[in-house]
Amino acid sequence: MPTHIKEIANELAHLQQPVEFEGKFRLLPAERLPELQSPGTLAIAAASLKGNNSLFALICQKEAAPRFSMIRLMSRVTCPVMMTPVGSGTVIFPEDNVRRFVLVYERPSGTRLIPEAGHLVPKMDEETIINGFIHNLLPALRELSSRTLMHRAIRPENIFVASDGRAMLGECLSTPAAYAQPVLYEPIDSGMASPSGRGEGGVLDDFYSFGVLLAEVAMGGSLLKGKSDEEIIEAKIKLGSYGALVGQTRVPLKLMEPLRGLLSDDPYERWAMPDIEMWANGRHLSPKQVPLPPKAVRSISFAGKDYLTAPMLANAMRLNWSESKKLISSDHLDSWVRRALSNEDMGDLIVLAERTSSALASTGSGDDRAVSASIMALDPAAPIIYKDVAVRVDAIAQAIALEFFEPGKVEQFLDVIRMKLSQAWVTSQTRTKPEFIAIIKQIEHLAQNVKSMVPGYGMERAVYAGNEGWPCMSPLVGDHYVDDIKNLLPALENMVASGRIEGAPVDRHILAFAMNNMRGNFDALLKRFEDPFDRDVYNGASLRILADMQKQFGPPNLPALSAHMANLLIDSVENFHNTAFRKQLREAVENATTEGKLTILQSILDNSQIKDQDQTGFDQAQMIFSNLEAQATWLEQGGLVSNENVQLVSEKTSAVISGLCSSLALVGMTIAWVF
Amino acid sequence: MSRILLLLILLVLAAVLMPSAILLAVLMVPSLVVYVIDRNPHRYFTVTIGLPNFCGVLPPLMELWERGQSFDGAFSAISDPWNMMVAYGAAGLGWILYLGTPIFVSSYLSISTDGKIKAIRRYQDDLVEAWGDGVKQSVSATPEQDAEPQEQEVS
């Protein structure tokens, strides 16, 4: 198994109990099937509830998530010589209550061509190859080609061969496209890219892999055995893939044509479905020889070696980054390209790269960009190379997702996007392709997401916006495979209930994942997450986002999460001034917690309106208290019985009494006068 | 302007009712004196003296009018010691009232002070109970101590 893919079989040893899946299958984790295991998965037995027991399931890992969009498309394909899923989705295993992604397949009839990577491929005779491999696998290749689906996992250990010699393509969905492919089986540009940066690629990549497979079974053993990945790439660049893999070895005459056609390094010249079908039908073609890169009249010395071709130099520059910077800063490269290679266009592109480097000197990354752009000029077919990043132009989002937690990688990917290296790569291509428009659009979409680094956006958002169905990578969801936002809150509930979350159950990944799936504009709310050390604000905003999530996607009850949030925010209740209100709020929080309603909890704990009301009431109470205190002080200091006050009150009183008595006297006198 | 108008009306009335004016001028001397010495803008002292004084003047004034508003009638009423005694006596009662009221008012206010303080403290306790000790915080920033505070309704 490739070293970059994590082994999960041992981690999942505790899974034993059967579990029903999608109401159609029963998964039997106790029954392991290591012979059917794909890299980075655990193969277990499965049975259909209708009685078909010849099924197996692959439990996938979230670190190398399965190909979500391809699963949907592949499920519609029915082809007897290619494994296509009969079921897929997430399921909770009862032992640990963890949700995992599972792919269900019918068990293949044969055994693997080689049990695992590294074993020697058995040599086969011409007839077996033509009938058992080429003719037999044509329907699968035709299906893939006609639907523009990419298998990207054609390699000997993923080919099942029946006892009668008939081959079958193994599954290709459990890990990202070409993630487990050996460099040998990838076209030069894809091999130069890191496994995470190969991407879906195109149908022609599968034909190349098919060509390598045919070459290996035709010659037996292992091609370029003992050579490192870099040596394989170097050999392919130097001699061409056919030259490097087949070379002077005698291969069956009939197979020479398809091997030449399928192993062509020029995708425009490589055999595709019509060519191989024509060949299979007896119309023999002679594939065009792809010329090797032009040689310079004199070599250029770089990193202790001499190079005669531009792609060879570009490959060496990829592997010696700091040396490359020195080469760019000297004028040797430009003069070598113009004088020794006599390529003025390439020279102009290198000069342009140097100038851009000077313009970007203030950012500190100008030299790096110049190296990257120079490699593009020297070898336009190569992937985007930038420091440790080597990625095909359409695989940037996938590479970000797969290498997110690799130290320093995110910053480099951010540079790739911000320096518009993808656009530079497209511009450097000598031939334009219609898919470039879609690629540019995708890159611009990524650039939009990283424009703002506010939580909810940034590189985390690029992961989810650029990779449909990619599971939430937050450490807060633990091992739960959350590819659907409906499963996010249950996963958090489970994590909180098991005591594995102490602080706010929201981080940048959860926000980015949620923002990518939720309806509504949350930009104002996201600003509240900017300072993670302002716990009250952060926790309040977390509650708000979780409550909105519960409102939109359920589930209706989240008691553990509600209790956890109430616990985090209960201090805010204590911050209310009014004691009766505080008591009411405490009771309301208790009720909401018992019911597991985050929405109610949020309306209490993160409600600025009631906070304002409380503050206004408190301010008034303070004012009244202070006024009363002044009155009491005045009274205690004898203000009421002071001479002035007594005089004033007495004058008023005597005037009133005098008026009353005079009125009575007047009434009396009037009565006496009348009578 | 209005004062001048009032003075003019009074002068006209005095001219028309000269005997009555002479009678009032003589018998209401205490009120006139108080009016002069009273510095209170509300003229509580003047009211306290003037009203009983006028009640005392009213019987001879009525008698003068019944007799037909003559100077003789007016002078004879002025010269009657009984009328003089009644008018000045009534003014004297008003004076006694003015001088005696502070004794009672002072006693009443000193009794009510304790009650008022208790009511204020009760209200303050209610506020502390409802809003916590925080409401006391602004007390340190109480306005000038000598200034009479705004009257707060104490329930």
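**Exercise 1.** How many salt bridges does the rule find across the interface of chain A and chain B?

*Solution.* The structure is a predicted model. Step 1: the criterion is a side-chain nitrogen of Lys or Arg within 4 Å of a carboxyl oxygen of Asp or Glu. Step 2: applied across the interface of chain A and chain B, this rule finds two salt bridges. Step 3: a salt bridge joins the side chains of A:Glu629 and B:Arg121, with an N to O distance of 2.9 Å.

**Exercise 2.** Determine the extent of the interface between chain A and chain B, and state which residues of chain A lose the most area.

*Solution.* Step 1: on the side of chain A, 42 residues are in contact with 48 residues of chain B. Step 2: the two chains bury about 4200 Å² between them, and carbon and sulfur atoms account for 68% of it. Step 3: within chain A, the most area is lost to chain B by A:Phe625, A:Leu628 and A:Gln631, together 15% of what that side buries.

**Exercise 3.** Describe the polar contacts of the interface and the make-up of the chain A side.

*Solution.* Step 1: the rule finds 14 residue pairs in polar contact between chain A and chain B, with both residues at pLDDT 80 or more. Step 2: the elements of chain A that give two or more residues to this side are helix 26 (608–636) and helix 27 (643–674). Step 3: by class, the side of chain A that touches chain B has 19 nonpolar, 18 polar and five charged residues.

**Exercise 4.** Decide whether A:Ser374 is buried or exposed.

*Solution.* Step 1: A:Ser374 lies in helix 13 (residues 366–378) of chain A. Step 2: A:Ser374 counts as buried because its relative accessible area is 0%, and the cut-off for buried is under 20%. Step 3: not counting residues up to four places away in sequence, A:Ser374 touches A:Met317, A:Ile328, A:Leu333, A:Ile350 and A:Ala353.

Note on methods
Residues numbered from 1 in each chain as written. Chains lettered and ligands numbered in written order. Predicted model: local features only at pLDDT ≥ 70, side-chain atom pairs only at ≥ 80, totals over all residues. Heavy atoms only, no water. Contact = heavy atoms within 4.5 Å. Buried area = accessible area lost by both parts, 1.4 Å probe. Polar contact = N/O pair within 3.5 Å; in protein donor to acceptor, adjacent residues only side chain to side chain. Helix = DSSP H or I, 4+ residues; strand = E, 2+ residues; numbered from the N terminus. Nonpolar A, V, L, I, M, F, W, Y, C, P; charged D, E, K, R; others polar. Buried < 20%, exposed > 50% of the residue type's maximum accessible area, 1.4 Å probe, protein only.
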